[in-house]
Amino acid sequence: MSTNGYEIRLELLKMAKEMLEQDWHAQRDAVMTDYHTKANRDENFIPTPPTFQPFPTEEQIIKKAKVLNEFINTK
């Protein structure tokens, strides 16, 4: 069974969304690990809430999907 263009674009969007969300979660986990390491190392540590990058937007997902599409279409 052949995949049509709409299905390919949908799969590229899903893949881009998943990649960006995985990156976001990895960065968040790294920030939290660093925060907890500092808190556990120094009892005088004054906690300030860690800052996270914004969650991936629709525009970022579409941009990433376009990059993936260009890679696929490169000969």
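**View 1. Cover over the buried residues of helix α1.** Helix α2 is among the elements that cover the buried residues of α1. In this predicted model, those buried residues are L12, A16, L20, E21, W24 and Y35. Helix α1 consists of 37 residues and extends 54 Å from its first C-alpha to its last, close to the 54 Å expected at 1.5 Å a residue. An α-helix has 3.6 residues a turn, so residues three or four places apart point the same way.

**View 2. The crossing of helices α1 and α2.** Helix α1 spans residues 5–41 and helix α2 spans residues 58–73. Their axes come within 8 Å and cross at roughly 120°. The two helices are therefore oblique to each other, an angle over 145 degrees being needed to count as roughly antiparallel and one of 65 to 115 degrees as roughly perpendicular. The crossing of α1 and α2 is right-handed.

**View 3. The residues in contact between α1 and α2.** From α1, the contact is made by L12, L13, M15, A16, K17, M19 and L20. From α2, the contributing residues are Q60, I61, I62, K64, A65, L68, N69 and I72. Sorted by class, the contact of α1 with α2 comprises 11 nonpolar, 2 polar and 2 charged residues. Of the α1 residues in this contact, L12, A16 and L20 also belong to the buried residues of the helix.

View 4. Residue E21 is located in helix α1. With a relative accessible area of 18%, E21 is buried, because buried means under 20%. When residues up to four places away in sequence are not counted, E21 touches F55 and P56.

**View 5. The position of Q27.** Helix α1 also contains Q27. This residue is partly exposed, with a relative accessible area of 36%. Q27 and M15 are separated by 12 residues in sequence and by 18 Å in space, C-alpha to C-alpha. M15 is one of the α1 residues that make the contact with α2.

View 6. Residue D34 has its place in helix α1. A relative accessible area of 38% makes D34 partly exposed, whereas Y35 is among the buried residues of α1. Between D34 and P50 the separation is 16 residues in sequence and 9.4 Å in space, C-alpha to C-alpha.

Methods
Residues numbered from 1 in each chain as written. Predicted model: local features only at pLDDT ≥ 70, side-chain atom pairs only at ≥ 80, totals over all residues. Heavy atoms only, no water. Axes fitted to C-alpha atoms, helices over the stretch in contact; angles between N-to-C directions. Helix = DSSP H or I, 4+ residues; strand = E, 2+ residues; numbered from the N terminus. Parallel < 35°, antiparallel > 145°, perpendicular 65-115°, else oblique. Left-handed = near helix turned anticlockwise from the far one by under 90°. Contact = heavy atoms within 4.5 Å. Nonpolar A, V, L, I, M, F, W, Y, C, P; charged D, E, K, R; others polar. Buried < 20%, exposed > 50% of the residue type's maximum accessible area, 1.4 Å probe, protein only. Expected span 1.5 Å × (residues − 1).
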